[in-house]
Amino acid sequence: MNEIKDVAREDRCPGISYTDMLNGDTRRPPDYLFEESTIAMGDEPLSVAPYISEEWARAEREKMWPNVWLFAAREDEMPDPGDTVVFDIAGKSFLLIRQKDGSVKAFYNACLHRGRKLRTEGGPSVQLRCPFHGFTWRNDGSLKEIPCAWDFRHLEGKDMSLPQARVELWQGFVMLTENHALPDFKTWLGPAASHYERYDFANRYTGMWVQKKIPANWKATAEAFMEAWHSITTHPQLLAFLGDANTRYDLIGDHFNRAITPSGVLSPHVKGKNSDYVLEKMNEFSGGQDARTNRRFTASEDPVEGYDPADPLGARKILAEAGRKGFAEQYGYDYSDASDTEILDNFTYNIFPNFAPWIGFLPTLVYRWLPGDTPDWCIMEIRLLFPTPKGQERPRAVAMTYIPDDEPFAWANDIMGPQLANVFDQDMANLPFVQTGMKAMKDGLMELGHYQDSRVRHFQTTLKKYIDGELPAVK
Ligand code: FES
Ligand SMILES: [Fe+2]
């Protein structure tokens with residue numbers, strides 16, 4: 001490995017920082033939001049090979065995908081015994097089945113006779129009967145029947161149970177790995193696992209769910225959501241109320257990094273405006289149509305004592321208070337201790353390799369990226385997890401909507417809300433040209449920002465550890 005040069009660079013966007021905002025919060029935010037964490041990784045250019053090379057994709061399939069914890073399903077997709085989910089990833093397929101005791105098992109989704117997939121989609125299962133010749137297993141994976149058993153006498157006494165991958169249930173997420181020697185999921189993830197505990201994720205449900213094919217590598221697509229500083233050119237409509245350049249980027253261990261992008265505050269790129277302007281623009285943007293919030297917020301409807309339009313955090317105080325009230329009405333819980341930041345901000349938490357479950361009290365976004373069968377495309381999945389209203393039973397996940405390949409996210413305006421769909425379409429306007437542009441580079445080398453692109457470098461560094469055999473640490 002190259003020696004990493006001195007990288008103790010503290011340069012940040014001039015002006016108020018996210019940590020300053022935490023210090024000005026109307027409540028005391030949890031400690032884990034204050035913790036700033038960078039890792040010295042140098043500033044060498046990065047090769048585009050991992051995004052465009054079939055050899056890399058093969059190395060990922062062999063060395064990385066089977067050796068990490070993966071988000072396979074939400075529990076709310078499979079609440080009842082016998083419910084199944086088919087999880088296809090990187091050429092493999094797993095059949096998840098809810099057991100009678102509430103646990104979830106994940107079988108390799110292939111018949112032990114001549115390999116036909118046992119199921120191609122989820123749904124309730126009484127038993128697993130292969131559609132080809134009828135080998136049949138019980139839902140717990142034990143063999144029930146072999147048709148024409150006289151022809152399989154040689155299997156008598158042999159364990160013909162379906163082989164299993166490893167599953168852990170965490171905060172309502174069904175996590176899966178093929179590697180039986182990895183540490184448990186929370187240990188593998190590290191301290192960020194505890195960041196989810198305040199928000200009752202186990203009791204949330206998938207209330208919005210779309211997938212779309214993206215003509216770009218899964219990593220390039222994921223990385224387009226790891227930094228906020230593309231907002232100035234890609235999402236200019238957000239600058240009136242998004243602290244794009246105030247975003248905090250933290251790198252923790254090998255498998256976790258995060259961006260926290262403050263909301264309800266002027267972008268450092270916008271000069272000469274005050275908190276009234278922030279509120280006006282945010283209302284214009286959301287207008288109750290945003291699938292995430294449905295909030296209303298004005299200084300007159302939601303007065304906050306001592307509101308001062310000249311206070312750069314003034315709009316945040318109004319918005320957070322409106323959020324506390326709105327959520328309390330909508331979901332029936334008490335949000336009076338929830339800090340402004342946990343009500344308002346964008347917590348783009350990424351769990352290596354392809355899973356981004358945000359935190360906070362808002363209905364939270366969850367992204368997942370599924371690699372294509374060539375390096376040139378992937379599936380991007382977007383969900384919103386909503387709190388189950390107090391006293392109600394957790395609803396089942398809504399059905400996933402697959403956006404047709406030739407349609408924009410706006411095709412799903414009714415499901416996603418037009419504002420959210422538009423933001424994703426703006427991102428998609430770049431991605432096909434990232435993929436083709438990478439191939440057009442003369443030297444195939446990318447020059448990254450030291451801080452604002454640090455998550456990209458961190459992600460690539462961890463991936464390389466898998467490809468080079470440094471990870472997983474436990475064999
Ligand atoms: S392949 Fe499944 S029964 Fe023959
Ligand atoms: Fe974006």
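**Entry: Phe-285.** I looked up what Phe-285 touches beyond four places in sequence, and found Gln-237, Phe-241 and Gln-419; contact here asks for C-beta atoms, placed from the backbone, within 7 Å. Phe-285 sits in helix 8 (residues 275-286). Helices (H or I, at least four residues) and strands (E, at least two) are DSSP runs, numbered from the N terminus. Gln-237 is 48 residues away along the chain, yet its C-alpha atom is 8.3 Å from that of Phe-285. Phe-285 counts as partly exposed because it has 17 C-beta neighbours inside 10 Å. For the record, buried takes 20 or more other C-beta atoms within 10 Å of a residue's own, exposed 12 or fewer, and partly exposed lies in between, again with C-beta atoms placed from the backbone.

**Entry: ground rules.** I am reading a predicted model, in which local features need pLDDT of at least 70 and side-chain atom pairs count only at pLDDT 80 or more, while totals for chains, interfaces and linings use all residues. Residues are numbered from 1 along each chain as its sequence is written, and chains are lettered from A and ligands numbered from 1 in the order in which they are written.

**Entry: domains.** Which stretches make up the domains? The assignment gives domain 1 (18-50 + 191-467) and domain 2 (76-167); such bounds come from an automatic or database domain assignment. I noted 37 Å between their centres, taken over C-alpha atoms. Seven residues of domain 1 and five residues of domain 2 make the contact. On the domain 1 side, strand 12 (204-214) and strand 17 (364-371) are the elements giving two or more residues. That side holds four nonpolar, one polar and two charged residues. In this count Ala, Val, Leu, Ile, Met, Phe, Trp, Tyr, Cys and Pro are nonpolar, Asp, Glu, Lys and Arg are charged, and the others, Gly among them, are polar.

**Entry: the core.** The largest nonpolar core has 112 residues, and those with the most contacts inside it are Ala-72, Phe-94, Leu-96, Met-175 and Leu-176. A nonpolar core is a set of buried Ala, Val, Leu, Ile, Met, Phe, Trp, Tyr and Cys residues joined through C-beta atoms within 7 Å. This core lies between domain 1 and domain 2, because both give residues to it.

Entry: What is the strand order of the open sheet of seven strands? I read 2-11-10-5-4-3-6, with antiparallel pairing; strands pair if DSSP finds at least two bridges between them. Strand 2 (70-74) and strand 6 are the edges, each pairing on one side only. Strand 2 joins strand 11 (residues 173-177) through four bridges, and Ala-73 stands opposite Val-174 there. Strand 3 (residues 83-89) has six bridges to strand 4 (residues 92-98), with Phe-87 facing Phe-94. Two bridges link strand 3 to strand 6 (residues 123-124), where Asp-83 stands opposite Pro-124. In the hairpin of strands 3 and 4, which has two residues between the strands, Ala-90 takes a positive phi near 50°.

**Entry: helix 14.** Buried residues of helix 14 include Val-456, Phe-459, Leu-463 and Tyr-466. The buried residues of this helix pack against elements that include helix 4, strand 13 (248-252) and strand 14 (256-261). Just after helix 14, Gly-469 has a positive phi of about 85°.

Entry: Most residues other than glycine have a negative phi, and most peptide bonds are trans. I listed what departs from that here. Phe-352 and Pro-353 are joined by a cis peptide bond, with omega about 0°; Pro-353 lies in the loop between strand 15 (346-351) and strand 16 (355-357). The bond from Leu-471 to Pro-472 is cis too, with omega near 0°. Cys-148 has a positive phi near 50°, and is exposed, with 8 other C-beta atoms within 10 Å. Asp-200 has a positive phi of about 50°, in the loop between helix 5 (185-189) and strand 12.

Methods: Two residues are in contact if their C-beta atoms, placed from the backbone, lie within 7 Å.
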